[in-house]
Each structure stands twice: as structure tokens, then as C-alpha cells.
Amino acid sequence: MPAFPLKGESRESILASVADARTRDLTADGRAFAFIYDAGKETRELAKEVYAACMPINGLDPTAYPSARTLETGLVRTCLELMRAPEGAVGTATAGGTESVMLAVKAARDFARKTRPEVTRPKMLLPITAHACFHKAAHYLDVEVVSVDVDETYRAKVDDARAKMSKDVILVVGSAPSYAHGVVDPIAELAALAKEHGTLMHVDACVGGLVLPFLREAGLPTPDFDFTVDGVTSLSMDLHKYGFAPKGSSMLLLRDRALRDAQYFACASWTGYTIVNSTTLGSKSLAAAGAALAVIRHLGREGYVALARRMWDATSRLVALVEARPDLRLLARPDMNLFAFTTTEGDLFELSDRLTERGWHVQPTYGFGPSPAHIHLTIDPTNAARVDDFAKDLADCLEGLPRPSAPPPEVVGMLGMLGAEGGGAGLDASMLMASLGITDGVLPARASMIHRILDAAPPEVRERLFVLFIGELFT
Ligand SMILES: Cc1ncc(COP(=O)(O)O)c(C=O)c1O
């Protein structure tokens with residue numbers, strides 16, 4: 001059958017095939033502790049309608065599509081207010097947290113190019129707990145990452161950042177909170193350090209931006225992380241996470257316009273129309289941003305506060321449960337509703353397999369630096385409603401949990417080749433996948449052995465294997 005159809009197909013048949021393709025996807029049924037951020041059917045339906053209504057808008061040219069300006073400035077104003085930004089602060093709607101972060105790094109790099117001639121090799125002070133997208137930004141934009149250590153609570157060590165500060169540092173980064181452990185870095189101290197050295201400070205509030213302010217409103221002690229903190233110059237916050245908007249919506253906020261000018265890209269050096277792009281995209285959909293603003297208007301502050309409180313209550317119950325068990329260990333007390341725990345003796349990845357068999361989706365995560373292999377849980381309103389079921393299954397799954405067993409030596413040997421010079425060039429990717437039990441891009445039902453092998457492997461081997469794996473999926 002040719003892939004490109006000769007004749008058109010009926011609407012019904014197309015919709016049926018899409019539904020069919022989606023049968024194994026995660027859904028907002030309260031069983032997923034990663035990926036899903038869902039505020040319920042009513043909000044979801046509204047977002048869908050507004051998304052469809054905004055689908056034709058092209059933000060590439062806000063003079064041709066004035067609605068792009070109305071929607072984006074409306075969303076920016078709302079987010080600036082929530083982040084207590086001063087007069088003169090500005091923002092840009094982006095397609096996701098990664099794009100917000102990449103643009104923040106670009107703005108910092110290009111701002112330094114214009115204003116700081118002493119910078120010869122741009123560097124970014126980055127806690128090891130910061131999201132991987134900062135490494136991606138560094139890679140794309142040729143900015144060097146200077147890793148900052150964390151303390152026993154997984155918060156950035158300010159002393160280490162201070163020791164590593166140099167004239168080349170264009171940006172200091174802090175998370176509010178970090179994804180893995182759910183803890184907020186010492187933002188005020190990091191921002192003071194940045195300011196003292198005449199450099200910029202970005203707060204990554206991709207997960208926390210639409211939760212922490214509402215937890216504060218609900219009366220919980222919440223660390224300051226926004227523009228009220230002196231020295232914070234930019235901030236990212238995702239609407240497609242705890243804003244409960246459809247995927248494709250995030251926000252980059254900047255303390256002033258001069259910094260945002262460095263984020264923009266303009267080009268008149270070709271034969272076509274002159275462009276000025278605020279983001280990495282050219283043609284830019286406003287559908288998700290429109291839906292995000294609609295969800296905010298629909299839920300209102302009160303709605304977000306109620307949801308934040310519900311998610312925090314569920315998190316507190318789970319955290320207490322983990323802390324009470326001698327066979328589990330909480331890695332850090334979280335500042336909001338996502339956290340990490342590990343086993344003290346039993347096989348963590350076997351635990352994750354057992355939870356999967358019972359229909360839960362948790363995120364097994366490999367060790368890195370001082371952070372051991374762990375299970376990550378992100379709490380949203382849907383799984384918050386099911387924590388008692390989850391707690392019961394967790395207790396059952398911990399019954400008789402074996403200690404980890406050694407991985408098969410032949411697979412370990414093959415993986416070793418990935419770490420060698422050339423990244424295992426010439427290695428048969430399909431054969432390697434088969435030896436791991438991965439057939440046709442589908443992980444085996446029990447993945448603990450794969451996880452154990454990867455947990456023991458260095459980061460470069462993990463990266464190489466994931467490239468091969470995803471490459472196999474899309475071949
Ligand atoms: C703290 C943090 N920053 C950035 C990102 C990247 O966001 P996205 O996946 O929307 O690109 C994430 C995603 O989980 C995150 O948790």
C-alpha cells in the first residue's frame with residue numbers, strides 16, 4: 001500500500017484510525033504520575049474548543065492577525081502579574097519549557113555580546129538538578145555549562161556557585177522547583193550573587209510557576225522565587241503543566257525590554273519578507289496560548305488555589321507514607337507536589353515494574369551524581385484523587401521485594417561498546433534492542449533489567465542508547 005493515498009478517505013475512518021493509534025496512550029485517569037496535568041473534563045473541553053477557535057491564527061505577523069497580539073499580551077500580562085513583575089517587565093508566549101529556557105539563554109548570550117566586552121567564552125552556572133533543556137540550550141547556543149553542586153537537600157550550593165563565578169558567566173540558573181526532587185533552589189542568594197557580579201539570573205519556574213503562588217495563597221510557607229527577588233532577570237513558567245493548558249504553551253518573562261530585544265531575531269538579508277521572530281519558530285500557532293488564557297480565566301485564582309491545595313494534601317500523604325516505611329527513603333522534602341523516593345534495599349526497578357503491572361505509570365529515574373536511582377512522582381488533580389489506591393498498591397508491591405540481581409554480562413558488554421570511541425558505530429541497533437528485549441520499539445512488560453543496566457552505565461552510554469532506541473522507533 002502506498003503511504004501517500006491516491007484517493008481521499010472518509011472523516012469517520014480517519015477519526016477511527018486516530019482513536020485506534022491512541023489506545024495505548026496515557027490518559028487522565030488518575031493512574032499516571034508523570035506527563036499528565038489535568039484539571040478535569042470541563043476545563044479540558046473548554047481548552048479544546050478555544051484551541052480549535054484559535055487554530056487559524058498565525059503569530060508570525062501580528063499585524064495580519066491582531067488576535068495574536070490580543071491573546072499573547074493578555075497571557076503575558078496575566079503571568080507577569082502572578083510573578084509580581086515590576087513595571088516595564090515583558091514576556092513572550094513560547095511552545096514549551098524547553099523553548100522558554102533556550103530563549104532565556106539566547107537572550108543572556110546576546111545581551112552579554114552587546115553589553116559585556118569582557119566575556120570571551122560565555123558560561124552558565126547551572127545546578128546539576130536543573131532541567132536537561134539547559135544543556136540543550138548550551139549545546140545549541142555554544143554556551144559552556146559550569147555545573148554547580150547541590151547540598152543534601154538537593155538545593156544548589158551557593159558557595160559552590162560563588163567559587164565557580166567568573167567574568168565569563170552570562171547567566172546563573174535556579175529552579176523553582178527542580179523537576180526530579182521538587183525543591184526550590186536558594187533563589188535570593190543565587191540572584192544576589194549574579195547581581196553582585198553584574199550578570200543575569202534565570203529562574204526556571206516551568207513546573208512551579210502556576211503552583212507555588214497558589215500554595216502561598218493557601219497559607220503554606222513558600223520560598224520566594226519571582227520578580228520580587230532582587231537580581232532575578234528572567235523566568236520561565238509552563239502553562240501546559242500546572243496551567244492545565246494543552247501542550248504547546250509556556251511563557252518566558254523578562255525584567256526589561258532591552259533583555260528581550262536580545263531574545264528576538266530579525267533578518268532582512270534575503271529576497272523575501274523581513275522577519276522578526278520572538279521565538280525559535282517562524283509561523284507560530286497561538287492555539288495553545290489561547291487555550292491557556294481561557295483555562296486561566298475559567299479557573300480563576302480561586303480555582304488554582306483549590307487545586308493546589310488538593311495536590312499538596314495528596315503529596316503530603318504520600319510523603320508521610322514514604323517517610324514512615326523503613327524500606328523506602330524520601331530523597332528530599334519537596335516544596336510542592338512532585339518528589340522522588342528510593343528503596344533502601346529492595347530492587348527499585350522491580351518495584352516500578354510491579355506498579356506498572358498494576359496499571360500505574362511512575363517514572364523510574366537513573367542515578368546521577370549524589371542523586372541515587374529513584375521513582376519520581378508528579379501529583380496532579382487526577383492522580384491526587386487516587387492516592388489511597390496508589391498507597392495500597394505501593395504497600396503490596398513492596399511485599400517481598402527482592403534485592404537487585406546482576407545484569408546479563410553479554411548485554412553489559414554490548415553497552416560498553418556504546419561508551420567507546422565512536423559511540424558504537426557499526427553496532428547493529430536492532431540486535432542490541434533485541435538483546436534488551438525491545439521488539440518493534442516496544443519495551444518488554446518488565447523493564448527492570450534494562451533500567452538496572454542503564455542505571456549502572458555512564459551518562460554518555462545512556463544518551464547513545466536512547467538515541468538508538470528512538471531512532472529505531474522512527475525508522
Ligand atoms: C523544571 C523544568 N524545566 C523545563 C522543563 C522543560 O519543559 P518542556 O518539556 O515543556 O519543554 C521541564 C519539563 O519537565 C521542567 O520540569
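Trainee: Hi! Is Tyr273 buried or exposed?

Mentor: Tyr273 counts as exposed, at 52% relative accessibility. Keep in mind that this is a predicted model.

Trainee: Okay, and what about Trp270, where does that one fall?

Mentor: Trp270 is partly exposed, with a relative accessible area of 45%. Exposed would need over 50%.

Trainee: How many aromatic pairs are there in the whole structure?

Mentor: A search of the whole structure turns up 10 aromatic pairs. One of them joins Tyr242 and Phe244: the ring centres are 6.2 Å apart and the planes meet at 85°, so this pair is edge-to-face. Trp270 and Tyr273 pair up too, with centres 5.4 Å apart and planes at 75°.

Trainee: Why is the Trp270 and Tyr273 pair called edge-to-face?

Mentor: Because planes over 60 degrees apart count as edge-to-face, and the planes of these two rings are at 75°.

Trainee: Back to Tyr242 and Phe244: buried or exposed?

Mentor: Both Tyr242 and Phe244 are buried.

Trainee: Which residues are in the aromatic cluster with them?

Mentor: Tyr37, Phe214 and Tyr304 form one aromatic cluster together with Tyr242 and Phe244.

Trainee: New topic! What lies over the face of Trp360?

Mentor: That would be Arg31, at 4.2 Å from the ring centre of Trp360.

Trainee: Last one: where is Glu399?

Mentor: Look in the loop between α13 (387-398) and α14 (409-419). Glu399 is exposed there, with a relative accessible area of 59%.

Trainee: And how far apart are Glu399 and Val119?

Mentor: In sequence, Glu399 and Val119 are 280 residues apart, and in space they are 57 Å apart from C-alpha to C-alpha.

Definitions and conventions. Residues are numbered from 1 along each chain as its sequence is written. This is a predicted model: local features need pLDDT of at least 70, side-chain atom pairs count only at pLDDT 80 or more; totals for chains, interfaces and linings use all residues. Side-chain values use heavy atoms; hydrogens and water are left out. Rings of Phe, Tyr and Trp (its six-membered ring) pair if their centres lie within 6.5 Å; planes under 30 degrees apart count as stacked, over 60 as edge-to-face and the rest as tilted. Buried means under 20% relative accessible area, exposed over 50%, partly exposed in between (1.4 Å probe, protein chains only). A charge sits over a ring if NZ of Lys or CZ of Arg is within 6 Å of the ring centre and within 35 degrees of the ring normal. Helices (H or I, at least four residues) and strands (E, at least two) are DSSP runs, numbered from the N terminus.
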